[in-house]
Amino acid sequence: MEESSGCDYEVFLSFRGPDTRTDIADYLYVSMVDAGIRAYRDDEELRTGEELGDQLFQAIRQSKISIPIFSTGYADSPWCLRELVEMVESKNTRGQKIMPIFYNVAPSEVKYQNEHYGNAIVSHLNKKRFDDETINNWKAALKKVGELKGWDLHSMLNRGKGEFVKEVVNDVLTELKTAYLEVSDCFVEVDNHVGKIMSMIGAHSHETKIVGIHGMGGVGKTTLAKIVYNQLSNDFVDYCFLCDIRKTKITRLQNQLLSDILKKKWLDINNVMEGKKEIKERLRSKKVLLLLDDADDASQLEALVQKHEWFGKGSKIIITTRDRGILNVDETYELTGMDFDHSLKLFSKHAFRRDYPLEQYICHSERAINMCYGLPLALEVIGSLLSGKSEEEWDATLKELEESPQQNVRKKLMISIEALNENQRKIFLDVACFFIGYDKRIVIHLWESCKFLPHESLGIL
């Protein structure tokens, strides 16, 4: 038995040693390992004893995919047949994927146990080494796996093995791709927010739901959306995460959506209307999980998720935006700044790598938190900036930040301002520079005379 290093396997490879050990099984194993796939290769010729060992059972059960290579002599081996029964059991109870290769036998020979496979079963019966229940389990497993879609190399007489192995590895990589999105390991508990959004989106319902999360830049919308997306992901086979929507060409987003859901590279989309038509036609039967991050215009959403009917029943779609006004969705959720306790915890995770500050830095930490106004992004940036510095360096850095924000902090915190249109920026600068503490009615009158559309702009600000 051979396996890739590491304790967790992704693919279990089962084959009859004399038939394929130095041929397709070896090509496939080496190619999968080279591609970074954690593969377990079992060769029954290298084993001793009658029972499948715990290690072998564990390898089958923990693998996400099993690949039996059906060769002429596969059914001659009780070991291979036992493995096949365990694969079927793992498929039924754990949702494991079985992707068979019909190497030099037809799928029908495996399914119906005729020709050599039929003779192999008869031979096992005649030897009387195994009881009827065991034999029937083998036959049922062969029938079950013989019915599955796989690779029929037997019918591809002119297909080169190198080209075939490359196709198998690519298909396995696609199958192994998960919906899970990376989230910072320093984030502070957001269970309350997550619970409310999961309720809005109907996590356990069969309805198609679209939910929008809105709030100012840097407040943590993307992180929250990713956590919800990850919690939903186990219920979906088809999923897609579209990031930085406001910075990306719409036809490119449409192309990515189709490619990710259909799991193949989609032909280039020439215009937005063509993309809308393709999404509607191709995905209407697909139950999908989508996350559309950082949208800033209604036209983007109309081009990607205009109607519930574009997707299959039970689809769940999450949108994040700074502008509540572009959302035409089932439910919306406003995310605001963090309170002091949560701000302190998040800041401490980045500054001290723990949930609370060192005693001698408590006052310094409070100064830093007060300039962040509950924005997670600011807390993370400033916390990381101060991490590992002495008290004297903290004093100097905080003083500098209070007088003039440090360059990388300013750059990251400019994201909200950059998203504003020209009139909104003018109003923002007026407020920041001249009108703090003024009666809002007075300045609105001023902005109206300048045709700045203050009511709409203040709602966004």
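This is a predicted model: local features need pLDDT of at least 70, side-chain atom pairs count only at pLDDT 80 or more; totals for chains, interfaces and linings use all residues.

What percentage of the contacts in the protein chain with a separation of 6 or more is accounted for by residues 24 or more positions apart?

Reply: Residues 24 or more positions apart account for 75% of the contacts in the protein chain with a separation of 6 or more. The chain has 461 residues, and 46% of them are buried. Its elements come to 22 helices and 11 strands.

Now to the sheet you asked about. It is an open sheet of 5 strands, and reading across it gives the order β8-β9-β10-β7-β11, with parallel pairing. At the edges are β8 (238-242) and β11 (331-334), each of which pairs on one side only. On average, neighbouring strands of this sheet are turned by 15° against each other, direction ignored.

A handy pair to find on your screen is Ile213, which stands opposite Thr320 in β10.

Next come the helices on the sheet. Helix α10 (residues 221-232) packs on it and touches β7, β8, β9 (288-295), β10 and β11. The direction of α10 makes about 170° with that of β10. Helix α11 (residues 250-262) packs on the sheet as well, touching β8 and β9, and its direction makes about 155° with that of β8.

Helix α13 (residues 298-305) belongs in this picture too. Its buried residues are Gln300, Leu301, Ala303, Leu304 and Val305. Looking down the axis of α13, you would see these buried residues fall within an arc of 165°, so they line one face of the helix. An α-helix has 3.6 residues a turn, so residues three or four places apart point the same way. The cover over the buried residues of α13 includes the strands β7, β8, β9 and β10, along with the helices α11 and α12 (272-283).

Cys240 is buried, with a relative accessible area of 1%. The closest cysteine sulfur to that of Cys240 is in Cys243, 9.4 Å away, which is too far for a bond. The structure as a whole holds 0 disulfides. For contrast, Cys363 is exposed, with a relative accessible area of 57%. In the loop between β8 and α11 you will find Asp244. Asp244 counts as partly exposed, at 34% relative accessibility. Its phi is near 50°, a positive value in a residue other than glycine. Arg353 also has a positive phi, of about 60°, although it is not a glycine. Arg353 is found in the loop between α14 (340-351) and α15 (362-370), and it counts as exposed at 59% relative accessibility.

One is strand β2 (residues 11-15): 5 of its 5 residues are buried, so it is largely enclosed by the rest of the structure. Val11, Leu13 and Phe15 are buried on one side of β2, and Phe12 and Ser14 are buried on the other. In a regular strand the side chains alternate between the two faces of the sheet. β2 runs parallel to strand β4 (residues 65-70), and 4 bridges join them; the bridge partner of Ser14 in β4 is Pro68. In the loop between β1 (2-3) and β2 sits Glu10, which is buried with a relative accessible area of 11%. Among the residues that Glu10 touches are Arg38, Lys64 and Leu176.

The other place is helix α16 (residues 376-386), whose axis comes within 10 Å of that of helix α17 (residues 391-403), crossing at roughly 145°. Here Ile382, Leu385 and Leu386 in α16 meet Trp394, Thr397, Leu398 and Leu401 in α17. By class, this contact has 6 nonpolar, 1 polar and no charged residues. Leu379 is also in α16, and it is buried with a relative accessible area of 0%. Residues touching Leu379 include Met338, Phe347 and Ile369.

Technical notes:
Residues are numbered from 1 along each chain as its sequence is written. Side-chain values use heavy atoms; hydrogens and water are left out. Buried means under 20% relative accessible area, exposed over 50%, partly exposed in between (1.4 Å probe, protein chains only). Helices (H or I, at least four residues) and strands (E, at least two) are DSSP runs, numbered from the N terminus. Two strands pair if DSSP finds at least two bridges between them. Axes are lines fitted to C-alpha atoms, for helices over the stretch in contact, and angles run from 0 to 180 degrees between N-to-C directions. Contact means heavy atoms within 4.5 Å. A disulfide is a pair of cysteine sulfur atoms within 2.5 Å. Ala, Val, Leu, Ile, Met, Phe, Trp, Tyr, Cys and Pro count as nonpolar, Asp, Glu, Lys and Arg as charged, and the others, Gly among them, as polar. The arc is that of the directions from the helix axis to the C-beta atoms.
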